[in-house]
Amino acid sequence: MGFQFNHVGGGTKTRRPIALHLRFNPSCHSPNCRLLAGSGEGGAEDDAAASDRAMPLADIQSQACAVEALVRAKIQHKETIILCLEDCSDWSNATTRRVVMQVDPDLARTVLVSTKLDTKIPQFARASDVEVFLHPPTCVLDGSLLGDSPFFTSVPSGRVGSCHEAVFRSNEDFKKVISLRELDDVTSLEDKLGRSLTREEKNRMGVSNLRLFLEELLQNRYIESVPSIIPLREKEHRTASRKLRKVTQEISDLNEAKLKEKAHLFHDSFLTKLSLLLKGMVVAPPGETLINERVNGGTFTGSENFQLPNKMMPNAGMRLYGGAQYHRAMAEFRLVVGSIKCPPITREEIVNACGVEDIHDGTNYSRTACVIAVAKARDTFEPFLHQLSFRLLYILKRLSPISVFLLEKDAEHFSSHDVLVKRVQAAFDKFAESTEQSCRERCMEDLESTTRYVTWSLHNKNRAGLRHFLDSFVAPEQYAHTAHSSGPHEQSSGLNDNKQDRPKGDLRSIHPSDSNPSSVASETRLVDLLDSTLWNRRLAPSSERLVYALVHQIFHGIKEHFLVTTELKFNCFLLMPIVDKLAALLREDLESAFEDDLDGIFNVTQLRHSLGQTKRELEVELKWIKRLKEKFGEINKKLNSLQVR
């Protein structure tokens, strides 16, 4: 660098890492920051006080990690030349190289330097040790090292300055001592080796040779980069010119007619992208997997918090959006709700649901089954309706930012009209929310009507199975038991006291001409069935099975009706209005906004000011790029002329 900017000496002398980032600012005529000679007011006292304080181990480790992260961030760029300083006499100790090789494993853009050579030479007892140190074997330094071999430097200790602690009065004195140190190092090495150093070995000794190597390396890199820089400057010039023309055109278009035309154009383009997202396209940004969709849009969970595993859902791992994501959510809803079984029924629920009729005190198990089925269906399916509504609303709201992204990608949307974009997005979200609420209310009306009044025509699809189940109520062994049972069985029921007083021939007196034994048994079974269902409050197994069968039958019918009507209504009253009614609503919103506050929609005053500022910045940038392009063009011509000579 030509001057000493850090303390040099034994022990820990570097107080903190120094990172200098120089950036050209064409609008600034003088530097905003300068390096001053000296440490400033109170600097020496602060350094002395800091050296006396003991730093905790945790702080040291955290600062070491921060320094290492800073170094990696600086050297990770592929065009950067890395100057790696190693303070070791054994090349197998790769303290600094360990960090460097994380970003440059082959050391192809790394210049390796062994520091403090003057302190290492006395440590070698044999000439062979010096030879290994000067020419490390490939097993230790395996790779295409920049410069082919390491450099070796020595820097004398001492600070440059006018204070009493300073050893060197000026940077020139410091550089002279460095040159003398290089000569002493060469002499000491030759004494240790017992031979003179070769020209190649001498070119690796000292800070001056290292500087010459780096200057030549950087110059060659610069010369090689000039031909590739010129096309980049031309591309930047074209880009800046195009931006400037665009901003100038936008400033000239800040009138009422042009602004309305832009608003209508954005309205039509927004609806076009929205329609394409619903119909299907592949140029949009990545969508959401089912896991992300469940996290952001909610999951389908019932009263038992059961959640369908992802592996059971088709396309669960795919990142979907638009119509494909809507269809997947609806398919998951059908799969989850369709797999729901009727909740368990307790005997206590059956007894409580029996109650007392307004004209008799017998039990009506069909009414009992209806009461239980509609209650359980309402509690089971209503949460799923709200979950589906929230999920589909979330999916539809995602269409708005994706559509804006596609407009920006196709250069159909200007970033200066953020107020208009936000207004259209807000109108779309409001429309989606109101449409979702209306659709959900329609579905709730269907669910309430289905669970308010049981229509048996909706639940008789499995009538054959139910008939087979009812026919098995009275098993053959029960038939035999009824045919041969005596009074004790009849006396076991507590509500048919009239039956005990009736003569045994009463059954035959109903149909005196029928003396068929099978007919008598059938009539006996009928009386027994009435005794166990209508006249008896003691819940028999047959009655319990009857209620179970009816409840499951009604619940299954309500579930199928709920699935069909819910999907149909969400498709008709949530999805279709976006296709049919959204365009007219957005246009009406824009027209009303034009009448109320055109300046507020486009924020014309602020927009004119920001566009003017952008234009001035682009003009300055264009001048700077043009000057750089001309400068590199002249340099390239000179280099080409020198090569010809």
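These legends describe close-up views of a predicted model.

**View 1. A parallel sheet of three strands.** The open sheet runs in the order β1-β2-β3, and its pairing is parallel. The edges are β1 (82-86) and β3 (151-152), each of which pairs on one side only. Helix α8 (residues 207-252) packs on this sheet and touches β1, β2 and β3. The direction of α8 makes about 175° with that of β2.

**View 2. Bridges and facing residues in the sheet.** Strands β1 and β2 run parallel and are joined by five bridges. In this pair, Leu-83 stands opposite Val-111 of β2. Strand β2 (residues 110-114) also pairs with β3, again in the parallel sense, over two bridges. Here Val-113 stands opposite Phe-151 of β3.

**View 3. The two faces of β1.** Side chains alternate along this strand. Ile-82, Cys-84 and Glu-86 point to one face and are buried.

View 4. Leu-107 is found in the loop between α3 (95-100) and β2. Its phi is near 55°, a positive value in a residue other than glycine. Is Leu-107 buried or exposed? Leu-107 has a relative accessible area of 6%, under the 20% cut-off, and therefore counts as buried.

**View 5. Ser-241 and Glu-621.** Ser-241 belongs to helix α8. Ser-241 is buried, at a relative accessible area of 15%. Along the chain, Ser-241 and Glu-621 are 380 residues apart. Their C-alpha atoms are separated by 9.6 Å.

**View 6. The buried side of α10.** Which residues of helix α10 (residues 290-297) are buried? They are Leu-290, Glu-293, Arg-294 and Gly-297. These four cover an arc of only 100° around the axis, so they sit on the same side of α10. The general rule is that an α-helix has 3.6 residues a turn, so residues three or four places apart point the same way. The buried residues of α10 pack against α11 (322-338) and α13.

**View 7. After α10: Gly-298 and Asn-315.** Gly-298 follows α10, with a positive phi near 95°. Asn-315 lies in the loop between α10 and α11. Phi of Asn-315 is near 60°, a positive value in a residue other than glycine. Asn-315 has a relative accessibility of 41% and counts as partly exposed.

**View 8. The crossing of α12 and α13.** How do these helices meet, and at what angle do their axes cross? The axes of α12 (residues 347-354) and α13 (residues 365-397) come within 9 Å and cross at roughly 115°. The crossing is right-handed. On the α12 side, the contact is made by Glu-349, Ile-350, Ala-353 and Cys-354. On the α13 side, it is made by Tyr-365, Arg-367, Thr-368, Val-371, Ile-372 and Lys-376. By class, the contact has six nonpolar, one polar and three charged residues.

Key: Residues numbered from 1 in each chain as written. Predicted model: local features only at pLDDT ≥ 70, side-chain atom pairs only at ≥ 80, totals over all residues. Heavy atoms only, no water. Axes fitted to C-alpha atoms, helices over the stretch in contact; angles between N-to-C directions. Left-handed = near helix turned anticlockwise from the far one by under 90°. Contact = heavy atoms within 4.5 Å. Nonpolar A, V, L, I, M, F, W, Y, C, P; charged D, E, K, R; others polar. Pairing = 2+ DSSP bridges. Buried < 20%, exposed > 50% of the residue type's maximum accessible area, 1.4 Å probe, protein only. Arc of directions from axis to C-beta.
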